[in-house]
Amino acid sequence: MAEQPMLKFVTVERDMPEKRAADLRREDFNEIYAEYAEAKAQEQSSRCSQCGVPYCQSHCPLHNNIPDWLKLTAEGRLQEAYEVSQATNTFPEICGRICPQDRLCEGNCVIEQSGHGTVTIGAVEKYITDTAWEQGWVQPIAPRAERSESVGIIGAGPGGLAAADVLRRAGVQVTVYDRYDRAGGLLTYGIPGFKLEKDVVMRRNDQLAQGGVTFELNTNVGEDISFDELRSRHDAVVIATGVYKSREIEAPGVGATGLVRAIDFLTASNRKSFGDAVPEFDSGALNAEGKRVVVIGGGDTAMDCVRTSVRQGATSVKCLYRRDRANMPGSQREVQNAEEEGVIFEWLSAPKGFVGDPVTGVMVQKMRLGAPDATGRQAPEVIEGADYVEDADLVIMALGFEPEALPTLWDQPELPVTRWGTIKAAFTTGATDLDGVYAVGDIVRGASLVVWAIRDGRDCAEAILKRLGDASVMAAE
Ligand SMILES: Cc1cc2nc3c(=O)[nH]c(=O)nc-3n(C[C@H](O)[C@H](O)[C@H](O)COP(=O)(O)OP(=O)(O)OC[C@H]3O[C@@H](n4cnc5c(N)ncnc54)[C@H](O)[C@@H]3O)c2cc1C
Ligand code: SF4
């Protein structure tokens, strides 16, 4: 009888792909994990217990058929594994790299909960699709028939691109508008290369363009073209503009030179990695080299800023967060990576103000966690008399993002928004109250995750296809 390839979690230990040594990682912006070798990917996949009710799958926002592609990988049937994996995920190699798996699929793996260590789902997902690219299994979209209808998508982030992919596969004419010069949204200009190398994103952009998606870049909707004009050009419009307004704090010293926004800092760094001219980086305004850097915030953006600062050659990098380690919103995996790279975390510390202009320090007040608030989270309280000044030459504010005021910017007072400024849209379809106008991703959810943007984009595209019906396939068929 052939050997059972699965359920090896008792005898085979969890093993992530090798992580580069911290002192080498600090020197460049390349990803920090190596790729699995084939035998390792097979071995790690074979640890899956093939649960009858796979909690990993139900906690993956895309409901990926994880046990199936793990089994196929364990059996060495990689091309089939790729087919199954890409059937539910537009960008599996991107999610495999940057999903917070500890909170999603892997965090709900049954063998993790039985103390054996989770199956390394994300690393295998990345391996499958990276292999597919190498082997030429990932091909440009080739719709079976062209359709006459067109859809305009505002925003070339993962939400917009996932919608574009599904619509284009059905033969719809798709134009994606973006105010940036490159597609990818935060995948391109927000998330640093050490989490997601840029050629991984660019090859997806190229694949979509080769498959007939038209990109109109350097086009700021509301400035270069009006929203009304877009609606008149297309049968449906998808708003996938993300959230870019940085949250600010009000405190003495705000406005001093040397206080910068996280998104500006990360965008400058990513542009530099592309080889673009970035005057604000070259002038030192958005460059941590030789500086004592303090990053304020405890989310993934803050983690990206501290680790970028290390790589730019900061003399010291500290992260201030007002709650403790267990209560921070960012991924624990990223905190560990940052600590290995030399970042110091000052937990239970909040900024009270800033010293000097240019800035020379942050006035810090120490906090403790008090009683839980209405959401059940312990609220931070100030410890009186424990303030101190943290020296700093560059302070990066990573306090979160809010939506821009689209109804005003686009002169569309009837565009429905929530009290937080996000667009009001049906969660399963992205439909808004405006006829033919849909919205997906962060502009609906508020700052969220790539995998949720992909899910929204795919769901919305299906809803648009339903709306268009199958009436008008082009005669060219
Ligand atoms: C620093 C950082 C790190 C992150 N790390 C992770 C991570 O590790 N894992 C994870 O899952 N998520 C992460 N996220 C969150 C993730 O990037 C977002 O949830 C996701 O990109 C949202 O996708 P989106 O398509 O809705 O919007 P975006 O990716 O923001 O794309 C929106 C696009 O719309 C364009 N646009 C906006 N307004 C206009 C306009 N008026 N006209 C034309 N174009 C316009 C923008 O230029 C942009 O290209 C991170 C976010 C940040 C900021
Ligand atoms: S898409 Fe994200 S949550 Fe889903 S299986 Fe992949 S890594 Fe896990």
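Reader: What makes the meeting of the glutamate 93 and arginine 204 side chains a salt bridge?

Author: First, keep in mind that this model is predicted. Here the nitrogen and oxygen are 2.7 Å apart, and the rule asks for a side-chain nitrogen of Lys or Arg within 4 Å of a carboxyl oxygen of Asp or Glu. The pair of glutamate 93 and arginine 204 therefore counts as a salt bridge.

Reader: How many salt bridges does the rule find across the interface of domain 1 and domain 2?

Author: Two of them. For orientation, domain 1 runs over 8-135 and domain 2 over 150-243 + 403-476, while domain 3 takes 248-400. In the contact, domain 1 takes part with 25 residues and domain 2 with 22 residues.

Reader: And what area is buried between domain 1 and domain 2?

Author: About 2,200 Å², with 68% of that coming from carbon and sulfur atoms. On the domain 1 side, Thr90, Phe91 and Trp133 supply 28% of what is buried against domain 2, more than any other three residues.

Reader: Which residues come nearest to ligand 2?

Author: Cys60, Cys99, Gln101, Cys105 and Glu125, out of 13 residues around it. That shell has nine nonpolar, three polar and one charged residues. Cys is on the nonpolar list and Glu on the charged one, so Cys60 counts as nonpolar and Glu125 as charged.

Conventions:
Residues are numbered from 1 along each chain as its sequence is written. Chains are lettered from A and ligands numbered from 1 in the order in which they are written. This is a predicted model: local features need pLDDT of at least 70, side-chain atom pairs count only at pLDDT 80 or more; totals for chains, interfaces and linings use all residues. Side-chain values use heavy atoms; hydrogens and water are left out. A residue is near a molecule or strand if one of its heavy atoms lies within 4 Å of it. Domain bounds come from an automatic or database domain assignment. Contact means heavy atoms within 4.5 Å. Buried area is the accessible area (1.4 Å probe) that two parts lose on being put together, summed over both.
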